[in-house]
Amino acid sequence: MNTTRRTFLAQAAATTALASVAPHVHAQAWPARPVRFVLGLPPGGGTDATIRVIAAALKDRIGPGVVVDNVTGAGGTIASANVARAAPDGYTFEVKTVSAAVINSFVYTNLAYQPVNDFKAVSLIGRAPLVAAVPGNLPARNLAEFVALLKANPKKYSYGSSGIGTITHFAGEMFNRQAGVEMMHVPYRGNGPAMAGLLAGDVALIFDTVGSTKQHLQSGKLRSLGVTTAKPTEFLPGSAPIGATVPGFAMDTWFGIYAPAKMPKDIVDRMSAEIAAVMKQPAIAERVKELGYEPAGSTPEEFDRFWREELDRYGPLVKQMDVKVN
């Protein structure tokens with residue numbers, strides 16, 4: 001065997017050995033700098049507060065830590081486009097609500113990305129009921145009286161949402177249809193601004209998480225007319241499901257972590273495992289519950305199955321609502 005051939009075979013063997021351990025080395029080396037969690041909502045809402053708790057806890061596990069980057073606008077589609085175009089190197093993830101992960105797929109007709117094919121599921125963070133919250137001084141004292149008030153005054157009252165195509169917009173439109181009422185829609189740039197609009201009396205109703213509304217419900221500034229889940233929830237004892245008055249009305253909200261589609265599996269699995277470990281910490285789980293979410297944590301495969309089930313469930317419903325954004 002000549003020297004050139006021996007050198008070639010030695011290099012080939014070295015390359016093969018390196019390839020066999022590359023995923024492990026990759027996972028061990030990552031992250032070398034802070035990881036970015038892109039959220040398409042402004043600071044101040046329940047999702048933002050919850051993901052910041054998770055991000056802070058992750059610093060103890062992945063060294064350089066996690067930075068939450070609020071990239072707002074267009075119902076979360078700007079944030080999604082940002083992440084879809086990001087290098088799949090493990091340093092950019094997206095915090096997607098059900099609105100961004102599911103509903104936008106059917107509402108927006110000209111997205112700058114493929115809403116399913118450009119992303120990879122990493123981990124479900126939490127699920128939560130929504131609360132139908134109204135000003136404390138509203139004449140209607142319960143949901144039945146509120147529906148009667150709306151029917152007697154078509155288009156006089158408005159509901160606020162966190163933006164066109166979001167779960168709170170969808171909840172308002174579903175309420176309009178299933179209750180047989182006509183409320184006008186006022187989109188805001190996130191649930192925080194929508195809450196401010198409700199407290200100021202600019203709108204008569206918003207759907208939001210228990211964590212975001214609880215202090216205002218306790219102070220009397222707001223009143224709950226019901227929760228969006230099919231059954232009563234421990235997060236707001238004494239508040240009946242909306243479906244008890246408006247038959248068929250039921251939904252919840254959730255959010256999770258996604259990665260650009262081509263991110264290596266070893267990094268996706270590592271991030272998922274670290275999130276699951278954080279969610280199992282009693283102090284973190286309790287804080288997440290205080291913010292209105294039932295802590296989850298899942299494998300990428302479990303979250304991917306759940307995500308696709310939600311796409312199948314919401315697709316026909318969103319199409320029935322005929323809500324489109326060009």
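Buried here means under 20% relative accessible area, with exposed over 50% and partly exposed in between (1.4 Å probe, protein chains only). The model is predicted: local features need pLDDT of at least 70, side-chain atom pairs count only at pLDDT 80 or more, and totals for chains, interfaces and linings use all residues. Residues are numbered from 1 along each chain as its sequence is written, and side-chain values use heavy atoms, with hydrogens and water left out.

**Entry 1: α4**

I checked the extent of α4 and found residues 98–107, with ten of its ten residues buried. Helices (H or I, at least four residues) and strands (E, at least two) are DSSP runs, numbered from the N terminus. Contact means heavy atoms within 4.5 Å.

**Entry 2: S99**

I picked S99 within helix α4. Its relative accessible area is 4%, so S99 is buried. Leaving aside neighbours within four places in sequence, I listed N104, G165, T166 and I167 as the contacts of S99. A polar atom of the S99 side chain lies 2.4 Å from the backbone nitrogen of I167. A polar contact is a pair of N or O atoms within 3.5 Å; within protein, one must be able to donate a hydrogen and the other to accept it, and residues adjacent in sequence count only if both atoms are side-chain atoms. I also took the C-alpha to C-alpha distance from S99 to G163, which is 9.6 Å across 64 residues of sequence.

**Entry 3: S239**

I moved to S239, in the loop between β9 (222–227) and β10 (253–260). S239 counts as buried because its relative accessible area is 9%. Not counting residues up to four places away in sequence, S239 touches S224, G226 and V227. With S224 there is also a side-chain to side-chain polar contact of 2.6 Å.

**Entry 4: T229**

Which loop holds T229? I placed T229 between β9 and β10. T229 has 17% relative accessibility and therefore counts as buried. I found a polar atom of the T229 side chain 2.9 Å from the backbone oxygen of K231. With neighbours within four places in sequence left aside, T229 is in contact with P129, P241, M251 and D252.
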